[in-house]
Amino acid sequence: MILMLLGPPGAGKGTQSQLISERLGLPQLSTGDMLRAAVKAGSPVGLKAKKVMADGGLVSDEIVIGIIADRISEPDCAKGFILDGFPRTLAQADALDDLLKSKGRHIDCVIELKVDDTKLVERIECRARETIAAGGTVRADDNPEALKTRLIAYYRETAPLIGFYYAHRLLKTVNGMTPISDVSRQIDDVLNQFQHA
Ligand code: ADP
């Protein structure tokens with residue numbers, strides 16, 4: 001099964017895709033995590049992505065499409081995977097379709113996590129404060145300026161994907177404003193209906 005989680009920064013895509021990954025035994029493919037690992041490792045991709053990520057902008061389509069193309073060719077993706085943070089632009093969505101078509105595969109379900117903007121800002125500020133209190137390192141893009149840029153990038157580039165996948169009859173919307181366990185239950189309901197369909 002190929003699943004995708006769609007939603008603004010701070011909607012809980014990472015948390016929920018990890019839970020689905022554990023439940024279904026499918027790998028979680030987070031382009032954000034992969035890019036942060038590349039930045040940390042100082043690889044050529046990481047060097048290109050570092051500043052744009054810290055500023056809250058989008059890394060080039062070419063880079064992220066390349067990363068995903070390589071990753072979905074790995075053996076652990078043969079039985080399916082969960083996309084978290086990809087695609088983020090229509091060009092990425094088209095490239096994904098082409099990639100999957102060339103392998104005779106297709107997206108099974110796109111889950112939209114719907115969350116109010118005020119809640120997103122609160123969550124991200126809270127995540128930064130908790131990280132500081134725990135003595136951890138705050139993400140370079142969890143600051144008010146970068147957050148504004150991330151939200152703008154989301155509404156300009158990513159939000160159109162909701163209509164796009166709706167039109168493809170792949171979209172299922174869940175309320176992302178409820179506690180983690182409840183969001184997870186709503187997603188389970190969607191996946192159950194889906195598996196019994
Ligand atoms: P969040 O969903 O909290 O904004 P992510 O961890 O998914 O964060 O991504 C962090 C950053 O990585 C993004 O702001 C962007 O700079 C970059 N990034 C991740 N995925 C993509 C993508 N598919 N296309 C372009 N840039 C991406």
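This report covers the ligand site, the salt bridges and some backbone features of one predicted model.

The model is predicted, so local features need pLDDT of at least 70, side-chain atom pairs count only at pLDDT 80 or more, and totals for chains, interfaces and linings use all residues. Residues are numbered from 1 along each chain as its sequence is written, and side-chain values use heavy atoms, with hydrogens and water left out.

## Ligand site

The shell around the ligand holds 19 residues. The closest are Thr31, Arg36, Gly57, Gln92 and Arg150. Helix 2, residues 31-41, gives the largest share of the shell, with four residues. Helices (H or I, at least four residues) and strands (E, at least two) are DSSP runs, numbered from the N terminus.

| Residue | Protein atom | Ligand atom | Distance |
|---|---|---|---|
| Thr31 | polar, side chain | nitrogen | 2.8 Å |
| Val59 | polar, backbone | nitrogen | 3.0 Å |
| Arg139 | N or O, side chain | oxygen | 3.1 Å |

Taken alone, the ligand exposes 550 Å². The protein buries 96% of that area. Accessible areas come from the Shrake-Rupley method with a 1.4 Å probe; for residues, only the protein chains shown count as cover.

## Salt bridges

Side chains of opposite charge can pair when their charged atoms come close. A search of the whole structure finds 12 salt bridges. The criterion is a side-chain nitrogen of Lys or Arg within 4 Å of a carboxyl oxygen of Asp or Glu.

Asp141 takes part in a salt bridge with Arg139, where the closest N and O atoms are 2.9 Å apart. Asp141 also forms a salt bridge with Arg150, at 3.6 Å between the closest N and O atoms. Salt bridges with shared partners link Arg127, Arg139, Asp141, Asp142 and Arg150 into one network.

Are these residues buried or exposed? Buried means under 20% relative accessible area, exposed over 50%, and partly exposed in between (1.4 Å probe, protein chains only). Asp141 is buried at 10%. Arg150 is buried too, at 9%. Arg139 is partly exposed, at 28%.

Arg150 is among the closest residues to the ligand. Arg139 has a side-chain N or O atom 3.1 Å from a ligand oxygen.

Asp141 sits in the loop between helix 6 (117-133) and helix 7 (144-158). Its C-alpha atom is 30 Å from that of Gly80, 61 residues away along the chain.

Another salt bridge joins the side chains of Asp76 and Arg71, at 2.8 Å from N to O. Asp76 is partly exposed, with a relative accessible area of 31%. Arg71 is buried, at 17%.

## Backbone features

Where does the chain hold a cis peptide bond? The bond joins Phe86 and Pro87, with omega about -5°. Pro87 lies in the loop between strand 3 (81-84) and helix 5 (90-102).

Arg169 is a residue other than glycine with a positive phi, near 60°. Arg169 is located in the loop between helix 8 (160-167) and strand 5 (171-175). Arg169 is exposed, with a relative accessible area of 76%.

## Distances along and across the chain

Ala91 is placed in helix 5. Ala91 is partly exposed, at 39% relative accessibility. Ala91 and Glu62 are 29 residues apart in sequence, and their C-alpha atoms are 9.5 Å apart in space.

Gly46 belongs to helix 3, residues 44-55. Gly46 is buried, with a relative accessible area of 2%. Gly46 and Gly12 are 34 residues apart along the chain, with 24 Å between their C-alpha atoms.

Definitions and conventions
Near = heavy atom within 4 Å. Polar contact = N/O pair within 3.5 Å; in protein donor to acceptor, adjacent residues only side chain to side chain.
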